[in-house]
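Subject: Structure handover

Hello,

The structure is below, followed by notes on what was found in it. Please read them with the model open.

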Amino acid sequence: MVGEEKTSLRKRLSKSRENSEENEDQKSPSRGSLETASNGRINLKQLMAKKIQLTAEAEELKPFFMKEVGSHFDDFVTSLIEKSASLDNGGCAITSFSILEGENNHRAKDFRAPPEHGKVFVLRQSLLDELFEVDHIRTIYHMFIALLILFILSTLVVDYIDEGRLVLEFSLLSYAFGKLPVAMWTWCTMFLSTLGVPYFLFQRWARGYSRSTHPVVHSLFHCFLFMVFQIGILGLGPTYVVLAYTLPPASRCIVILEQIRFVMKAHSFVRENVPRVLNSAKEKSETIPIPTVNQYLYFLFAPTLIYRDNYPRTPTVRWGYVAMQFLQVFGCFFYVYYIFERLCAPLFRNIKQEPFSARVLVLCVFNSILPGVLVLFLTFFAFLHCWLNAFAEMLRFGDRMFYKDWWNSTSYANYYRTWNVVVHDWLYYYAYKDFLWFFTKRFKSAAMLAVFAVSAVVHEYALAICLNFFYPVLFVLFMFFGMAFNFIVNDSRKRPIWNVMMWTSLFAGHGVILCLYSQEWYARQHCPLKNGPLISFLCPENVGVLQGLLSGMYTPPLPPPNIHVFLPSSFIE
């Protein structure tokens, strides 16, 4: 492909040069008469015509030149990364697995994959940091800032017209982050337990494995204790706190997402280091490869879910850059607030004024597409770019590839790989690759299905606990439609029309998610049904309650004063 573009570019250059020479030959007889007029003045008309001709030729060649330069640059960077990975036999890039030797290489199950099959960490910037150096891309960033300013002005002007004064209240944010101290001490408890228990269990197992007369029993016992910690303490403990203290949605989100992160971190630490101890015991080495506490502590804060003893590090910390990233995170919070205030609240506040029908539902979905997509962009920018880059800069963590150019995807398979590289790496190495290792590289479709199932269940679990109801819209869209698109719209689709189709389905999906979850939240806040706690949590009230409410057969109780609703904040009238 690059060769064809290069040939095409050379042909165009040669053709342009030939045309230029022909034009020069044709104009040469009269050049003396055209170039100078009376008193030796230059003919400006001919000079402008020549300038226009050169500009047109440059504009014609510019896209081909940029495409060829981009292709060569991508090839160069890819080759450089591959060479650095091949030269690094340990160190910061790879530290986890040992290369198998002997006749059992092809079927050995007592060890994991060799080092070159693991993730390679290299020094590199985030993609948006590189793109923002281009003025054209940075202008898009400025457009989003201008839109935020308009949202703020719109809210202030409307409040001033309605109230006769400036209303600077953020009831939605204060409600969503309510009971924050409870969330903070819960986080501290999770962090300290994750720091102490997995490391202590691994250290105790590693030091006693080679000396134990029954290493299998020794390993099973410590594996059982680790599973009890993962499921019983780190899994059920935070969930109980969230439900028992009835934390608001944003505080719940902090606890649940950190719970999931700590579970994945602890699994990666054990998963990466156990094969090293097994290999050391097999070789009867006197030294036991146990990471230090500082290495494990650094990993708990590092913006990655793949454990390594060492990572590539930047030389200094740019504290101005850190402050800017956190400032942008807070800006995104306020951006989401104004989106709900100006786009969502009027939509769901007025939905009960019309009889419930398919038309109302379809209009609600399409009106939810814009705020849904804006929330998608802001979530991506605030967390995957700003938040992770801020911590990476403070820790001097060198590999900033937390995402790739997912917006250029022409298939859902590529979108899933590039949207969130941090989580994708964990799923790929510890779910997909381990599944194939266990079944000796068979059942690849089953392995992919298992990864989708794990991801869908975890997403639905987080959303159900954060919103305090089980409404499996996301699970259905992700597990069925997302998986179907992954197999149908695969990597063989390269034409631009598939990028359009991907964006269209992505927009529609986020509109459906925002519309249905907002309606369910509204139904549960204003039209509660008398059910048990478990039935109320599992059974959606949205459709039946809305139908009864809109048909006049059901009259909801008046909400108490000062109640706050998370999605959106202006349901109370």
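Glu 272 is buried at 3% relative accessibility, where buried means under 20% relative accessible area, exposed over 50% and partly exposed in between (1.4 Å probe, protein chains only). Its salt bridge partner is Arg 308, at 3.4 Å from N to O; a salt bridge here is a side-chain nitrogen of Lys or Arg within 4 Å of a carboxyl oxygen of Asp or Glu. Arg 308 is also buried, at 1%. Glu 272 sits in helix H10 (residues 249-282) and Arg 308 in the loop between H11 (293-301) and H12 (319-349), so the bridge ties together parts 36 residues apart in sequence. Helices are DSSP runs (H or I, at least four residues), numbered from the N terminus.

This is a predicted model: local features need pLDDT of at least 70, side-chain atom pairs count only at pLDDT 80 or more, and totals for chains, interfaces and linings use all residues. Residues are numbered from 1 along each chain as its sequence is written, and side-chain values use heavy atoms, without hydrogens and water.

The count comes to 8 salt bridges. Among them, Asp 399 pairs with Arg 124, with the closest N and O atoms 2.7 Å apart. The two are 275 residues apart, Asp 399 in the loop between H14 (369-394) and H15 (412-419) and Arg 124 in the loop between H3 (44-87) and H4 (127-131). Asp 399 is buried at 4%, whereas Arg 124 is partly exposed at 21%.

Glu 393 bridges to Arg 400 at 3.1 Å. Glu 393 is buried at 2%, and Arg 400 at 5%. Arg 318, Glu 393 and Arg 400 are linked in a network of salt bridges.

Regards
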